[in-house]
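Please keep the sequence and the model at hand while reading.

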Amino acid sequence: MEIKIQSVKFDADQKLIDFVEKKFSKLERFHDGITSVEVVLSLLNDNLNKNVKLIVGVPGNTAVVERKGKTFEDAVNEAADIMKEKLTRIKEKQAE
């Protein structure tokens, strides 16, 4: 599974990229048919200025989660937790 990471309005350091890849590589446990994973990291102009948009492609479906946080790590953790639930629901629907 390839994870594409894009950073908007800043250059992501290797530590952040490694963290994102490690966190989102675990999504395969929740749906074995994942075809693509795209992560967009961006900076916003408000208090919770770190934004993470996660787009996961599975056959016949695309799941999108967007989360804001004070740090990218917080937003990534939240997005990963919500995506795990979404992928589980998608897999259950496809099994019916």
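Helices (H or I, at least four residues) and strands (E, at least two) are DSSP runs, numbered from the N terminus. This is a predicted model, in which local features need pLDDT of at least 70 and side-chain atom pairs count only at pLDDT 80 or more, while totals for chains, interfaces and linings use all residues. Residues are numbered from 1 along each chain as its sequence is written, and side-chain values use heavy atoms, with hydrogens and water left out.

**Loop residues**

Asn45 is found in the loop between E2 and E3. Buried means under 20% relative accessible area, exposed over 50%, and partly exposed in between (1.4 Å probe, protein chains only); because its relative accessibility is 83%, Asn45 counts as exposed.

Thr35 has its place in the loop between H1 and E2 and, at 59% relative accessibility, counts as exposed. Thr35 and Val56 are 21 residues apart in sequence, and their C-alpha atoms are 7.6 Å apart in space.

Lys9 sits in the loop between strand E1 (3-8) and H1, where a relative accessibility of 68% makes it exposed. Its phi is near 70 degrees, which is a positive value in a residue other than glycine. Most residues other than glycine have a negative phi.

**The nonpolar core**

A nonpolar core is a set of buried Ala, Val, Leu, Ile, Met, Phe, Trp, Tyr and Cys residues joined through side-chain atoms within 4.5 Å. Which residues of the largest nonpolar core touch the most other members? Of its 25 residues, these are Phe24, Val39, Leu41, Val52 and Val56. Two or more residues of this core are given by each of H1, strand E2 (36-43), strand E3 (50-58), strand E4 (61-69) and H2, and H2 gives the most, with eight residues.

**Salt bridges**

Side chains of opposite charge can pair when their charged atoms come close. A salt bridge is taken here as a side-chain nitrogen of Lys or Arg within 4 Å of a carboxyl oxygen of Asp or Glu, and the structure holds three of them.

| Pair | N to O distance |
|---|---|
| Asp46 and Lys68 | 3.9 Å |
| Arg67 and Glu78 | 3.4 Å |
| Asp81 and Lys84 | 4.0 Å |

Asp46 lies in the loop between E2 and E3 and Lys68 in strand E4, so this pair ties together parts that are 22 residues apart in sequence. Asp46 is partly exposed at 40% relative accessibility, and Lys68 is partly exposed as well, with a relative accessible area of 42%.

Arg67 in strand E4 and Glu78 in helix H2 are eleven residues apart, and their pair links distant parts of the chain. Arg67 counts as partly exposed at 28% relative accessibility, and Glu78 is partly exposed with a relative accessible area of 37%.

Asp81 and Lys84 are separated by about one helical turn, because they are three residues apart in helix H2. Asp81 is partly exposed, with a relative accessible area of 40%.

**The negative patch**

Patches are made of residues with over 30% relative accessible area and no salt bridge, with like charges joined within 9 Å and nonpolar side chains (Val, Leu, Ile, Met, Phe, Trp, Tyr) joined within 5 Å. Accessible areas come from the Shrake-Rupley method with a 1.4 Å probe, and for residues only the protein chains shown count as cover. Lys and Arg count as positive and Asp and Glu as negative, whereas His and the chain ends are not counted; the place of a charge is taken as NZ of Lys, CZ of Arg, CG of Asp or CD of Glu.

On the surface, Asp13, Asp18, Glu21, Glu73 and Asp74 gather in a patch of negative charge, to which helix H1 (14-25) and helix H2 (72-95) each supply at least two residues. Glu73 lies in helix H2 and counts as partly exposed at 33% relative accessibility. Glu21 has its place in helix H1 and is partly exposed, with a relative accessible area of 33%. Glu21 and Glu2 are 19 residues apart in sequence and 9.2 Å apart in space, C-alpha to C-alpha.
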